[in-house]
Amino acid sequence: LAQPQSGATMIATMTHADRWALGWRLDAARMWPGTRRTPLHARCRSPGELIPWAPCRRQGVLRLVHDSRTGRSARQDHWRGRGAACSVLAGALLLAQPRGRAPLKAEGQGQQRHLTCRAAGGAASLGPERHPVTGLPPGPYAVGVTTVQLDDHSRSDPEGGPRCLQTEIWYPAGEESRQLPPNLYSEFLARGAVPGSIALAEASDAIGGYREGLTIEELDRTWQNLGRRDARILAPEPGSRWPVVIFSHGSGAFRASYVYFTEFLASQGFVVVACDHVGNSRYTILNGKVVKAGGPRSENSQKDRPLDVVFLLDSLEKMNSGGDSRFAGRLDCSNCAVTGMSFGGWTAAVVAEMDDPRVKAAILHCPSLARGVKGAKLPVLMMIGTQDTVVGAPNNEECREYIRNAKGPRCLVEIKAGGHVTFTSCAQYNSEYGNGIGPSKSLTSPGEMYTPMPIEEAHAVINGYSLAFLDVYLRGKEDQLEFLKVNHFKDDVLHEFSP
């Protein structure tokens with residue numbers, strides 16, 4: 001955490017006609033070397049006060065840094081300005097007009113749907129209606145999203161300092177947030193506040209690798225998502241808290257590339273957390289610097305990844321205990337599911353074996369089990385694609401055997417015309433990416449091509465079973481066991497369930 005310079009504390013009050021008065025204590029901090037943007041720390045003025053934030057887009061980039069040693073969090077706003085005084089005035093007075101695309105039409109607000117899979121405040125439909133982001137229509141809650149950096153001082157980074165994880169949190173948001181513009185893709189990249197970061201993201205070894213010529217400017221126009229950046233978190237019903245889901249991305253992937261899953265669960269009343277596993281993520285930003293996959297950080301990925309997931313859960317506990325007043329008292333950290341895709345599925349499987357009492361269930365998307373796992377005693381939902389050419393036929397058979405030999409409740413869902421990338425939102429980068437998105441090479445008929453299940457339909461399969469599974473094993477809704485027992489997609493899916 002940057003330390004505030006002495007004598008630089010100022011009080012600024014910012015009002016918004018349609019929302020609430022904002023009282024910020026702004027501490028000017030040292031400028032990051034090599035940049036012309038001044039980090040500011042904004043903290044609440046009393047232990048019980050929520051850290052407020054403006055329900056609109058400001059001329060700057062918000063970052064929240066969490067210190068694992070103290071459990072404290074500090075918001076940082078990187079304003080465009082040369083000095084601290086200028087930055088404070090910008091924070092107090094400058095409100096930018098909302099920009100970006102118009103909100104998506106189908107967001108579950110006030111809509112009546114056929115009920116087949118019971119959800120948090122209503123239900124999800126398995127009927128013909130499909131949503132471009134989540135497959136199934138979203139749940140009853142608006143979705144907020146915020147970016148935080150979490151620093152684990154119990155582990156060292158090969159280049160010095162603690163192991164840092166840029167982390168995204170999706171959560172149920174206040175109903176008023178539906179009036180805000182959707183999150184822009186560039187906001188996962190700090191909106192270009194780090195010099196050169198957009199060009200580095202567009203390189204072939206980063207986001208640009210998904211399709212030749214892909215730009216962040218294009219993604220800002222086309223990226224479909226439900227999230228509203230830094231929207232107010234919705235208070236849960238009295239006596240309850242939001243259950244937690246931690247998601248681990250695939251090897252060389254990026255935390256934001258699974259919004260079909262993370263945002264759907266947030267809309268159903270879960271707080272979903274995903275970090276970039278530094279060294280194994282194709283792009284992340286840490287302490288004002290872009291970090292890509294490879295190098296010394298990647299050498300210990302198999303050891304670091306499960307520890308990253310445990311650290312995320314530890315950090316959420318500290319936030320819930322007051323380290324971040326936005327989430328204080330609102331998270332059920334003792335009721336957590338671990339999830340992940342590919343290498344992230346393996347990561348979740350390893351964490352599920354750790355016997356952490358906080359972890360109650362695991363969802364594994366096409367996990368690379370060839371890396372070795374023993375088997376968990378807790379409930380497991382395994383989801384694979386029959387045509388997955390990345391993990392291959394032997395790994396798929398290991399996944400089937402893993403479920404059949406599991407000690408606790410287990411469910412297997414296999415999408416026959418599904419590939420590895422079926423379990424991502426990568427169709428938004430490239431509609432013909434292959435391996436489950438657009439024309440794809442067949443695993444079961446080598447040398448031939450197959451037509452994958454339409455991605456919205458595949459995401460409906462994934463989200464339908466995932467929601468029912470989490471409803472049963474995190475929320476205790478035993479009536480959803482009946483949903484898990486049935487193959488709702490007939491010839492498109494292979495299904496097994498054992499309670």
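## Surface and overall build

The protein chain has an accessible surface of about 18,800 Å². Carbon and sulfur atoms hold 51% of this surface. Accessible areas come from the Shrake-Rupley method with a 1.4 Å probe, and for residues only the protein chains shown count as cover. The structure is a predicted model, in which local features need pLDDT of at least 70 and side-chain atom pairs count only at pLDDT 80 or more, while totals for chains, interfaces and linings use all residues. Residues are numbered from 1 along each chain as its sequence is written, and side-chain values use heavy atoms, with hydrogens and water left out.

Of the 499 residues of the protein chain, 62% are buried. Buried means under 20% relative accessible area, exposed over 50%, and partly exposed in between (1.4 Å probe, protein chains only). The chain holds nine helices and 22 strands. These are DSSP runs numbered from the N terminus: helices are H or I with at least four residues, strands are E with at least two. Among contacts with a separation of 6 or more, 70% link residues 24 or more positions apart. A contact means heavy atoms within 4.5 Å.

## Confidence

The average pLDDT of the protein chain is 81, and 75% of the residues score at least 70. Over residues 1-64 the pLDDT is below 50, yet this stretch has 205 contacts in the model beyond near neighbours in sequence. pLDDT is the predictor's confidence in each residue, from 0 to 100. Residues 75-124 also stay under 50. For them the model has 159 contacts beyond four places in sequence.

## A β-α-β unit

Strand 12, helix 4 and strand 13 form a right-handed β-α-β unit. Right-handed means that, with the strands pointing away from the viewer, the path from the first strand over the helix to the second runs clockwise. Helix 4 covers residues 259-267. Nine of its nine residues are buried, so the helix is largely enclosed by the rest of the structure. Among them are Tyr260, Phe261, Glu263 and Phe264. Just after helix 4, glycine 269 adopts a positive phi of about 100 degrees.

Strand 13 (residues 271-275) is largely enclosed by the rest of the structure, because five of its five residues are buried. In a regular strand the side chains alternate between the two faces of the sheet. Here Val271, Val273 and Cys275 are buried on one side, and Val272 and Ala274 on the other. Strand 12 (residues 242-248) pairs with strand 13 in the parallel sense over five bridges. Pairing requires at least two DSSP bridges between two strands. Phenylalanine 247 has alanine 274 as its bridge partner. Strand 10 (residues 162-173) runs antiparallel to strand 13, joined by four bridges. Isoleucine 169 stands opposite valine 273 there.

## Cysteines

The whole structure contains zero disulfides. A disulfide is a pair of cysteine sulfur atoms within 2.5 Å. For cysteine 333, the nearest cysteine sulfur is that of cysteine 336, 7.8 Å away. Cysteine 333 is buried, with a relative accessible area of 5%.

The sulfur of cysteine 366 is 8.1 Å from the closest cysteine sulfur, in cysteine 399, too far for a bond. Cysteine 366 is buried at 1% relative accessibility.

## Glutamate 414

Glutamate 414 lies in strand 19 (residues 410-415). Its relative accessibility is 2%, so glutamate 414 counts as buried. Beyond four places in sequence, glutamate 414 contacts Ile384, Thr386, Arg400, Asp492, Val493 and Leu494.
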